[in-house]
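Subject: the two-chain model, and what I found in it

Hi,

Here is the structure I promised to pass on. Have a look at it first, and then read my notes below.

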Amino acid sequence: MTDLGPTAAPTAPRSGTMPADAPATAPPEPDEAALIRAARTRTRRRGLLLRAIQCLLVLAVLGGWQFGAAHGWLDPFTYGSPSGVADQLRSWFTEGTALGSIWHNIGVTMEETVLGFLIGTASGVVLGIALGRLPALADVMAPFIKAANSIPRIVLGSMFIIWFGLGSTGKVALAVVLVFFSVFFNAFQGTREVDRNLMANARILGASEWRVTQHVVLPSAMTWITASLHAAFGFALIGAIVGEMLGAQAGLGQLIAQSQGLFNADGVYSGTLIIAVLALVAEFVITRFEKRVLRWRPTQLSESASL
Amino acid sequence: MNETVSSAAPAIELRRATKRFRTPSGGIYTALRDLDMTVEPGEFCAVVGPTGCGKSTTLSLVSGLEPTTAGRTLIHGRPVSGIDRRVGFMFQTDAVFPWKSVLDNVAAGPQFRGTPKKEAVDKARDWLRRVGLSGFEDRLPHQLSGGMRKRVALAQTLINEPEILLMDEPFSALDVQTRQIVSDELLALWELTRPAVVFVTHDLEEAIALADKVVVLTVGPGTVKDTFPIDLPRPRTVQEIRFHPRFIELYERIWSSLRDEVQAAYDRTAGQSPQPAGAA
């Protein structure tokens, strides 16, 4: 779903290894090898072309922005400028920020995000599967979950500051709440959609209900759960950052909020840029995890089509 | 666990078994009505009948997946209450676990039943050899052909050494040639452990080629119309037994019994006779 440009290029060469999982056949004939090589070259060329166009696009936007700022068409005080952002980033990374070292701030935000993501995901998966497996429990809980889900989660941020103060606990709590619902609904739906035949087969083979959950429900629901993880990490980041903006001693959200208070547009962009990089790294890690967990699924058509 | 009772009683006994379901619209649907059927230990029984006559429902009653609404379902003389360890079930659709390797799929049964992993895996290798899938241990199900997946399912079911083997149109998704080959393999494996088999199919040729006894069910609500013993010699080859003169004779007799039910079922779905055709 979120596989846009950047990840499309690295996956393309992998499709060249496709014939490996065809059942044991005669060794490929030489002209077949040549065909495969030609197809690979074509794929690589296309990837390079894509990269070049993407770089040009970035250069055009940044160059236009810098040009506009230099010639007074875009007021650098209000809109900032690429060179201003670069200066801001350099000073943050070399001299530190008003809230201490930039690495410390990144560390605080990431710790809150990752903790919130892990706790929210774990509780979402456990409760989603439990309610999916126990329809009676689901019937009891349904109105409460619907009510809780209808609360705009951001207001909870204020509540958590009152409860937990300005430390990182409240940020983690906000991230957990945001992550929980996105994962929970997918885990629940995934559990409900498990193939009845597979469950009956496991039972007849001798599996206890716990084993059915372990060996059939969880792996099967994993397609739904991993799909929610991409959005969930984004939610965890939102929870941490919004929590920090509402009040904190450190963190990227607080850094952005302070820049905003000083009308430092370059500071706001710089903070945003760092967050975007963190989100992309996380997205990469989650995609790797997803591929690993869902290895058992047949190769997707779109992937083999690029051969 | 009372061996004297077990050995004397038939492997499977359905006595006036009736199964009703609640329909989503709130009505009641009767799938089986007063069905009487007996399968002896080691007997291969095929059940044929028109679409929607409750063939599969019979299997879910015997397996314990569904409770009997009225009447009795007995295994070795004891009423079925839940899933019985002595029962194996092969489903119509692919029911091998797509996320497990071929070896893990076959080892799943013993592992679910508490056999240590290593022992289960050794046993699974042995069964994979028997179904001719040595060398494919590490493959995932989607990397296999339909016929190979069926053999994995067969090994997965037989590794538990069931005394009762239930099969719900297990080969209907295969092409005709593959189906005959896998059927021959089934017969060879069946000879090894000799479980009592209930083999549900809509294909009369398949039923006669495989079974010791063919039971014809009426159009739904299903009940037994006729039972035909199949006195063809064993061991049989599915591809060749059909040319046996006795095969053709049996086919004609059973078909004349089945034909009316098939026609009635067709008329019903085609909307020509909305009233149940007085199947009792």
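A word on ground rules. This is a predicted model, where local features need pLDDT of at least 70, side-chain atom pairs count only at pLDDT 80 or more, and totals for chains, interfaces and linings use all residues. Residues are numbered from 1 along each chain as its sequence is written, while chains are lettered from A and ligands numbered from 1 in the order in which they are written.

**Chain A**

Chain A has 13 helices and zero strands. Helices here are DSSP runs of H or I with at least four residues, strands are runs of E with at least two, and both are numbered from the N terminus. Of the 307 residues in chain A, 31% count as buried. Buried means that 20 or more other C-beta atoms lie within 10 Å of the residue's own, exposed means 12 or fewer, and partly exposed is in between, with C-beta atoms placed from the backbone. Among contacts in chain A with a separation of 6 or more, 75% are between residues 24 or more positions apart. A contact means that two C-beta atoms, placed from the backbone, lie within 7 Å.

UniProt, in an unreviewed entry, lists residues 106-286 of chain A as "domain: ABC transmembrane type-1". UniProt positions are given in the numbering used here, feature names are shortened, and annotations may be inferred rather than shown by experiment. That span is 88% helix and 0% strand, with its end C-alpha atoms 19 Å apart.

One helix pair to look at is α5(A) (residues 102-133) with α8(A) (residues 168-192): their axes come within 6 Å and cross at roughly 35 degrees. Axes are lines fitted to C-alpha atoms, for helices over the stretch in contact, and angles run from 0 to 180 degrees between N-to-C directions. Nonpolar covers Ala, Val, Leu, Ile, Met, Phe, Trp, Tyr, Cys and Pro, charged covers Asp, Glu, Lys and Arg, and the others, Gly among them, are polar.

**Where A meets B**

The contact takes 18 residues from chain A and 22 from chain B. On the chain B side, β6 and α3 (102-112) each supply at least two residues, and that side divides into 12 nonpolar, eight polar and two charged residues.

Now look at α9(A) (residues 196-205), where seven of the 10 residues are buried. The buried ones include M199(A), N201(A) and R203(A). They pack against α10 (209-246) of chain A, together with α2 (55-63), β6, α3 and α5 of chain B. Just after α9(A), G206(A) takes a positive phi of about 115 degrees.

**Chain B**

The unreviewed UniProt entry for chain B lists residues 12-244 as "domain: ABC transporter". This span is 33% helix and 27% strand, and its end C-alpha atoms lie 30 Å apart.

Six strands of chain B form an open sheet with mixed pairing, in the order β6-β7-β8-β3-β9-β10. β6 (87-90) and β10 (224-229) of chain B stand at the edges with a single partner strand each, so one side of each has no neighbour in the sheet. Strands count as paired if DSSP finds at least two bridges between them. Within the sheet, β7(B) (residues 164-168) and β8(B) (residues 196-201) run parallel and are joined by five bridges, with L166(B) opposite V198(B). Helix α5(B) (residues 146-158) lies across β6 and β7 of chain B, at about 170 degrees to β6(B).

Elsewhere, β1(B) (residues 12-22) and β4(B) (residues 70-75) pair in the antiparallel sense over five bridges, and T18(B) has A70(B) as its bridge partner. β4(B) also pairs with β5(B) (residues 78-79), antiparallel over two bridges. I75(B) stands opposite R78(B) there, and in the two-residue stretch between these strands H76(B) takes a positive phi near 50 degrees.

Finally, R236(B) lies in the loop between β10 and α8 (238-241) of chain B. R236(B) is partly exposed, with 19 other C-beta atoms within 10 Å. Leaving out residues up to four places away in sequence, R236(B) touches L187(B), A209(B) and I241(B).

Cheers
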